[in-house]
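This report describes a helix packing and a set of salt bridges. The sequence and structure are shown first.

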Amino acid sequence: MTEEAFRSVEGSRELAALFRQNFPWLARYLGRKLGSAERGEDAASEVFARVARSRNVDTLLSPRAYLLVVARRLIGELRGRGMLEQTYLEALSHVTETSSASPEAVVSHLQEVRVIDAALATLAPRARLAFVMHRVDGKTHAEIAEHLGVSISMVRKYIATSEQKCRANLSDA
């Protein structure tokens, strides 16, 4: 993403200045957190795209702090998605390692994984992350609530919504 990309956005001067002053720093920060400079630049671009959509650039009191909040949320989403993908891959390797699994069972399992993945992709990022943290990481509702900065009842709602969506997609498939 370049500075020119922000020219059509309302408040583009402020956003362009914010981009110019902070993109290299944010890309390096995210590169360290995500393990590569390329992933850091991609993530920094996504952070600025989210900031552009929020349309409150001109009212930011502490722009770097705001960028860090958005970046940390994005890191959580990316790690949650990565953990889910890793769990899928591990489950698939166990299925294919067992010689007793029929080809039909393997195909059926793969289809279920795809349906669940599609269901989770339609959820709000926090709901998806809460579901992954609970089901994949085994985190408690209180731990998830603290991580997301929401109440325990909200975490319960996120998880219930996620489970309903997965069940609905599986029954439709």
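Relative accessible area under 20% counts as buried, over 50% as exposed, and values in between as partly exposed (1.4 Å probe, protein chains only). The model is predicted, so that local features need pLDDT of at least 70 and side-chain atom pairs count only at pLDDT 80 or more, while totals for chains, interfaces and linings use all residues. Residues are numbered from 1 along each chain as its sequence is written, and side-chain values use heavy atoms, without hydrogens and water.

**Salt bridges**

A salt bridge is a side-chain nitrogen of Lys or Arg within 4 Å of a carboxyl oxygen of Asp or Glu. The count by this rule is four, including the following pairs.

| Pair | Closest N to O |
|---|---|
| Glu46 and Arg53 | 3.5 Å |

Glu163 is buried because its relative accessibility is 16%, whereas Arg167, at 53%, is exposed. Shared partners join Glu46, Arg50 and Arg53 into one salt-bridge network. Within it, Glu46 is partly exposed at 29% and Arg53 is exposed at 56%.

**Helix packing**

Helices are DSSP runs (H or I, at least four residues), numbered from the N terminus. Helix 4 (residues 103-121) packs against helix 7 (residues 152-172) at about 135°, the axes being 9 Å apart. Helix 4 is therefore oblique to helix 7, a class holding angles that are not under 35 degrees (roughly parallel), over 145 (roughly antiparallel) or 65 to 115 (roughly perpendicular).

Notes. Axes fitted to C-alpha atoms, helices over the stretch in contact; angles between N-to-C directions. Helix = DSSP H or I, 4+ residues; strand = E, 2+ residues; numbered from the N terminus.
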